[in-house]
2 protein chains.
Amino acid sequence: MDVQSYMNELGRAARAASRLLARADTNAKNAALLAIAAGIERDAAILLAANAADMAAAQAAGLEPALLDRLALTPKGVASMAEGLRQIATLPDPVGEMSDFAYRPSGIQVGKMRVPLGVIGIIYEARPNVTADAAGLCLKSGNAAILRGGSEAARCNQALAALVREGLRSAGLPEAAVQVVETTDRAAVGALITMNEYVDVIVPRGGKGLIERVSREARVPVIKHLDGICHVYIDDEADPDKALRIADNAKTHRYGTCNTMETLLVNDNVAELVLPPLAEIYRAKGVELRGCPRTRDVLPEVLAATEADWSTEYLAPILAIKVVEDLDAAIAHINDYGSHHTDAIVTENYSKARRFLREVDSASVMVNASTRFADGFEYGLGAEIGISTDKIHARGPVGLDGLTSQKWVVLGDGQIRA
Amino acid sequence: MDVQSYMNELGRAARAASRLLARADTNAKNAALLAIAAGIERDAAILLAANAADMAAAQAAGLEPALLDRLALTPKGVASMAEGLRQIATLPDPVGEMSDFAYRPSGIQVGKMRVPLGVIGIIYEARPNVTADAAGLCLKSGNAAILRGGSEAARCNQALAALVREGLRSAGLPEAAVQVVETTDRAAVGALITMNEYVDVIVPRGGKGLIERVSREARVPVIKHLDGICHVYIDDEADPDKALRIADNAKTHRYGTCNTMETLLVNDNVAELVLPPLAEIYRAKGVELRGCPRTRDVLPEVLAATEADWSTEYLAPILAIKVVEDLDAAIAHINDYGSHHTDAIVTENYSKARRFLREVDSASVMVNASTRFADGFEYGLGAEIGISTDKIHARGPVGLDGLTSQKWVVLGDGQIRA
C-alpha cells in the first residue's frame with residue numbers, strides 16, 4: 001500500500017472514532033487515561049528497552065547530541081509520562097459544557113456547547129513523552145488523534161501506541177481514537193497535513209524548519225508555535241528589586257525555553273541604576289550580553305548588538321539589551337521585533353501598566369512577573385499541547401479548551417422565522 | 001506599479017493602521033461609524049449613480065440576472081447600509097474586555113483580554129452592501145480591513161470607500177483602517193490571501209467557486225462558509241403541529257439562504273402521519289419533492305431521490321425527503337451527508353433532544369425551532385460577517401466576537417518562576 005492510501009486509511013478510521021469519542025462519557029475517557037498510565041508503569045522496562053534501541057540506532061546514524069538528549073527516556077521520564085496522564089484524568093471534562101443561554105425576542109433560547117474539534121494531527125520530533133502527552137490531551141478533549149513522531153523514536157512510540165490501544169480497549173473506546181503513524185516515510189507528513197476531509201487541525205511541535213514546512217504546505221488549519229522572542233521592559237518607575245529579580249529569572253531560569261527573555265529593554269532614565277547590577281548577575285552566570293550604543297555607554301565591556309540581534313531567538317545564554325526613551329518606544333520595539341509570544345513590563349505606574357497590557361500585541365502580556373510563567377501549568381490549564389503564536393482560535397498556552405470549539409444550541413417550542 | 005507591490009503597500013498601511021485602531025477608544029470608533037452612515041445618506045444620489053453605471057456596464061457585459069440582482073442598489077438599500085452602521089455603533093465594544101481572572105498558587109493573577117485579530121482581508125462578490133457592512137464590523141472590532149469586492153461593483157465600492165475614509169478622518173482614525181482594493185486585476189486576490197506578514201485572517205464571502213479557490217491557495221487563515229445542507233428531523237415523538245410548522249418554515253420561508261432546510265428526515269413510525277399534510281403544504285407552494293423509496297410508498301407521486309440529492313444544496317424550491325428508522329439513523333445521516341451548518345430535531349422527548357444536541361456535529365443544533373434562525377441577528381450578535389462552517393476559531397454566525405481573539409494577561413508583584 002502506498003503512503004497516501006495508508007494515511008487515508010488512518011484518516012477514515014480516525015474520523016469514525018472521533019464520532020464515538022465525541023459522545024463518550026467522562027468516566028470512560030478517564031478510565032482509558034488511567035489504564036494507559038498503569039500500562040506505562042507496568043511496561044516501563046519494555047519502553048526503556050525500546051528507547052535504548054532507538055538511541056543506539058540514532059547514535060550510529062550520528063544524530064546531534066541535543067537531539068539525542070531529547071530522545072533519551074529515563075525511568076523518571078517514564079514515571080512522569082504516567083503521572084501526566086493521571087493529571088489529565090483529574091482535569092474537568094470540557095466536552096458538552098453549556099454556557100451563555102439567553103432568551104431572544106423570538107422566544108428561542110440561544111447558548112453554546114463546547115465540542116471537540118474532531119480529528120487532530122500532531123507532528124513532532126523524536127520525543128517519546130510527547131506521544132503520551134498528546135494522546136492524553138486529545139482523548140480527554142474528545143478528539144481522535146493521529147500522531148506522527150520523529151522516526152528516531154519509532155520503536156518507543158510504537159510500544160507506547162500499543163499501550164494506548166490497550167487502555168482505550170479496556171475502557172470500551174475505539175482503538176483508532178489514537179493512532180501512531182507507523183511508516184517513517186516523510187511523505188506521511190505531506191499526506192496528513194492535506195487530508196482536510198479527515199483531519200480538522202494540525203498541531204506541529206518542533207523546530208522552526210518543521211513548523212515552516214507544515215505552515216507552507218498544510219491545507220488543514222494549523223495551531224502553531226513559531227518563535228519565542230520575549231521581552232522584559234524595565235520602566236523608569238519600576239521597583240528596582242523586582243526589576244533585577246524578574247530580568248534575572250526571565251533570562252537565566254532556563255535558556256532553551258520559548259518563554260525565556262531574549263531582549264531586555266531598559267528605560268533611559270534608569271539605565272545607570274539597573275544595568276550595572278544586572279550585568280553583574282549575568283556575568284556571574286555566564287550570559288553573553290549584546291547591547292545598543294547607549295547600553296555600551298553604561299557597560300563598555302558589552303559587545304555591540306547588530307540589527308539581527310533584535311529578532312533572534314537565541315535559546316542560549318545570550319541576551320540583547322536596548323535602552324529605550326520611553327514606554328512608546330518599548331511598545332513599538334516589541335511589536336516590531338518580537339514574535340507576539342510573551343512580553344512583560346516592570347513598573348509601579350498604573351497607567352503605564354494598563355497601556356502595556358492593551359497595546360502590546362502578544363499572546364501573553366505581563367506586569368511585574370517573569371515571562372517564564374507563560375505555560376499551561378502555571379496558567380492553570382493543567383496541561384498544554386503547545387503555545388500558539390497564531391492569532392485566531394487559541395493564543396498562548398493551548399490546553400484542553402484550545403482543543404475544542406463551541407457550537408450554537410437553540411432551544412425552542414415550535415418557533416418559526418416570521 | 002505591479003499588483004503584488006500595490007497589495008504589499010496596502011498591507012503595510014493596514015498593519016500600521018491596525019495598531020492605532022487596536023488602541024482606539026470606543027467613542028472614536030462609534031463616531032466614525034456614525035459619520036460614515038451620515039455620509040452615505042448625504043451622498044445617496046452619488047452612490048445610486050455609481051451603482052447605475054456599474055449596472056449598465058454589467059448588463060452590457062452580459063452578467064447573469066441573479067448577479068445583476070445582487071449588484072443592484074436601491075434607495076432602500078442605501079438607507080439600510082446607513083442603518084446597519086448605526087446598529088453596529090450601538091453594539092458593545094468587544095475590544096479590551098477582560099475576564100476570568102484567577103490567582104494561581106505562584107501568586108500571579110491570570111486572566112484574558114479580548115483583542116482584535118489585526119488585519120482582516122474580505123473577498124466578496126459584487127454586492128455593495130457588503131462593503132459598508134464589512135467595514136463597519138471590522139472597525140468596531142478594532143481590526144483594519146482590506147476589502148476586495150467584485151469588479152462589477154467597482155464604481156459604487158470606490159464611492160463608498162471615499163465616504164469611509166472621510167468618516168475615519170473625521171473621527172481622528174487612520175484612513176488606512178479600511179482600504180478598498182482599487183485594481184480589478186484578479187491577481188490582487190492571490191496576493192491578498194498569501195501576504196501573511198500583513199494579513200491575519202481572510203473572510204471570503206461568495207459562491208462555492210470563490211471559497212474553494214481561496215481555501216486552496218490561501219497562506220493566511222480563512223474563516224469560511226462552504227455549504228448549507230441543513231436538515232430537520234421529525235422524530236416519532238414530535239408534536240405534529242410543531243413538526244409541520246417547522247418543516248414548512250425551514251424550507252419555504254426563503255429558498256436561497258444557507259440556513260434553509262435541504263433534506264427532511266422523518267421517523268418511519270410517523271411517516272404516514274406527517275408526510276401527506278406536508279406534501280400538501282409543499283405542493284401548494286410549488287416545492288418539488290424528491291424522496292427515498294419509503295417516502296414514495298407514502299407519497300407515490302414524489303420523484304425518486306438519487307444518492308446525489310442527499311448532499312446537494314439546492315438553494316431552490318426543491319426538497320429531498322428520507323424516512324429513517326430511528327434517531328441513530330437520523331444523526332448518522334446528518335453527520336455523513338450534511339455540511340455541519342444547522343440541523344434541527346422536532347421532538348417532545350427530553351433524552352432524544354439531549355442526544356441530538358450532543359451528537360450532531362454542526363455549527364448550530366436546534367430543538368423544536370426552524371433552521372432559519374441560524375443568523376447573527378436572531379442569535380443576538382447584532383450583526384454578522386458571515387456564517388462559518390469551519391471548526392476552529394468560530395463556528396456558525398460570526399459577529400464582533402468572532403473577529404477578535406483573547407490574549408493572556410498576567411498581573412504580578414515581582415513573582416519569578418521557582
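This is a predicted model: local features need pLDDT of at least 70, side-chain atom pairs count only at pLDDT 80 or more; totals for chains, interfaces and linings use all residues.
Local features are reported at pLDDT of at least 70 and side-chain atom pairs only at pLDDT 80 or more, while totals for chains, interfaces and linings use all residues. Residues are numbered from 1 along each chain as its sequence is written, chains are lettered from A and ligands numbered from 1 in the order in which they are written, and side-chain values use heavy atoms, with hydrogens and water left out.

Helix packing is taken up at the start. Two packed helices are described by the angle between their axes and the distance between the axes. Axes are lines fitted to C-alpha atoms, for helices over the stretch in contact, and angles run from 0 to 180 degrees between N-to-C directions. Helices (H or I, at least four residues) and strands (E, at least two) are DSSP runs, numbered from the N terminus.

In chain B, helix α2 (residues 26-42) packs against helix α5 (residues 75-90). The angle is about 170 degrees, and the axes of α2(B) and α5(B) are 9 Å apart. The two helices are therefore roughly antiparallel (angles over 145 degrees; under 35 is roughly parallel, 65 to 115 roughly perpendicular and the rest oblique). From α2(B), the contact (heavy atoms within 4.5 Å) draws on N30(B), L33(B), L34(B), I36(B), A37(B), A38(B), I40(B) and E41(B). These meet V78(B), M81(B), A82(B), L85(B), R86(B), I88(B) and A89(B) of α5(B). Twelve residues of the contact of α2(B) with α5(B) are nonpolar, one is polar and two are charged. Here Ala, Val, Leu, Ile, Met, Phe, Trp, Tyr, Cys and Pro count as nonpolar, Asp, Glu, Lys and Arg as charged, and the others, Gly among them, as polar.

Chain B also pairs helix α13 (residues 327-337) with helix α14 (residues 350-359). Their axes come within 11 Å and cross at roughly 20 degrees. α13(B) and α14(B) are therefore roughly parallel to each other. The crossing is right-handed (the near helix is turned clockwise from the far one by less than a right angle; anticlockwise is left-handed). L327(B), D328(B), I331(B), I334(B) and N335(B) of α13(B) touch K352(B), R355(B), F356(B) and E359(B) of α14(B). The contact of α13(B) with α14(B) comprises four nonpolar, one polar and four charged residues.

In chain A, helix α5 (residues 75-90) packs with helix α6 (residues 128-140) at about 15 degrees, with axes 10 Å apart. α5(A) is therefore roughly parallel to α6(A). α5(A) and α6(A) cross in a right-handed sense. α5(A) contributes M81(A), L85(A), I88(A), A89(A) and T90(A). α6(A) contributes P128(A), N129(A), A132(A), D133(A), G136(A), L137(A) and K140(A). By class, the contact of α5(A) with α6(A) holds seven nonpolar, three polar and two charged residues.

Individual residues follow. V409(A) lies in strand β16 (residues 404-415) of chain A. V409(A) is buried, at 0% relative accessibility (buried is under 20% relative accessible area, exposed over 50%, partly exposed in between, with a 1.4 Å probe and protein chains only). V409(A) and Q109(A) are 300 residues apart in sequence, yet their C-alpha atoms are 8.1 Å apart. Beyond residues up to four places away in sequence, V409(A) touches residues including F101(A), Q109(A), L357(B) and V365(B).

L117(A) sits in the loop between β2 (109-116) and β3 (119-124) of chain A. L117(A) is also buried, at 0%. Its C-alpha is 25 Å from that of A102(A), 15 residues away in sequence. Leaving aside neighbours within four places, the contacts of L117(A) include N143(A), H393(A), K391(B) and I392(B).

Two non-glycine residues have positive phi. L315(A), with phi of about 50 degrees, is in the loop between β10 (303-304) and β11 (318-324) of chain A. L315(A) is partly exposed, at 39% relative accessibility. N368(A), with phi of about 55 degrees, lies in strand β13 (residues 364-369) of chain A. N368(A) is buried, at 4%.

The structure holds zero disulfides over all chains (a disulfide is a pair of cysteine sulfur atoms within 2.5 Å). The sulfur of C138(A) is 18 Å from the closest cysteine sulfur, that of C156(A), too far for a bond. C138(A) is buried, at 0%. For C258(A), the closest cysteine sulfur is in C230(A), at 6.7 Å, which is too far for a bond.
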